[in-house]
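Subject: Structure for you to look at

Hello,

Here is the structure I said I would pass on. Please open it and keep it beside this email while you read.

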Amino acid sequence: MGASFSPIASSGSPITRCGNCLRYLKHLPTRPQRLYCAYCEVTYNLPQGGTVKPYANLTCPLDNFELVVCHIDGGKSLPICPQCYNNPPFEEIISKSGNNNKPKKQLVMGCDECKHPTCPHSLATNYVCDCIDPNCLGCMAFVPRTAGKWKVCCNQCPMMILTTADGTASACESE
């Protein structure tokens, strides 16, 4: 009895375009889920515990990668650029979830933490307020493209404010 393995290049399905070669990245849904560019031979990690879908052919202004949206269990949706998520472009990006809430170097960055001033998905564009959870040092940000079910989510904890179609707050959820 022998084991057989399929090469990474032959598995997965095309989902979004690579910013380097403009060819499709393949989504590899097996754990850990990730994106793979067969032409560049580069693998990009993704958030775990949810589903990944293309994000309306929108591109990152920093590196031309097409964005994907990660629907995390619990209702949060996180737009990410595969390149920025794996290689944060800003030196000052830090995670505030270290021991005793002390800042530590962050290894990943979603669009809800990006400081780019003109990107419509960045924290700089969508910042609402500091997180309303007193134990969290994150920021609440408006989630673009959630028309009809407007959301304001924290970029560090599961806190989420749901609003109605007219923009009034209807529920506040935290796990």
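Helices (H or I, at least four residues) and strands (E, at least two) are DSSP runs, numbered from the N terminus. This is a predicted model, in which local features need pLDDT of at least 70 and side-chain atom pairs count only at pLDDT 80 or more, while totals for chains, interfaces and linings use all residues. Residues are numbered from 1 along each chain as its sequence is written, and side-chain values use heavy atoms, with hydrogens and water left out.

The chain has 2 helices and 14 strands. Of its 175 residues, 41% are buried, where buried means under 20% relative accessible area with a 1.4 Å probe, protein chains only.

Start with Asp63, in the loop that links β5 (50-59) and β6 (66-72). What does the side chain of Asp63 reach at 3.1 Å? It reaches the backbone nitrogen of Phe65. Leaving aside residues up to four places away in sequence, Asp63 touches Gly19, Cys81, Gln83 and Cys84, a contact being heavy atoms within 4.5 Å.

Strands pair if DSSP finds at least two bridges between them. Pro54 stands opposite Val68 in β6. In this hairpin, with 6 residues between the strands, Asn64 takes a positive phi near 70°.

Next, the interior. A nonpolar core is a set of buried Ala, Val, Leu, Ile, Met, Phe, Trp, Tyr and Cys residues joined through side-chain atoms within 4.5 Å. The largest one has 25 residues, and Leu25, Leu35 and Ile80 touch the most other members. Two or more residues each come from β3 (34-37), β5, β6, β7 (77-80) and α1 (82-86). The largest share, 4 residues, is from β6. A second, separate core has 7 residues, including Cys136 and Met159.

Last, β12 (residues 151-154) and β13 (residues 160-163) run antiparallel, joined by 3 bridges. They form a hairpin with 5 residues between them, and Cys153 stands opposite Met160 in β13.

Regards

Methods
A polar contact is a pair of N or O atoms within 3.5 Å; within protein, one must be able to donate a hydrogen and the other to accept it, and residues adjacent in sequence count only if both atoms are side-chain atoms. Buried means under 20% relative accessible area, exposed over 50%, partly exposed in between (1.4 Å probe, protein chains only).
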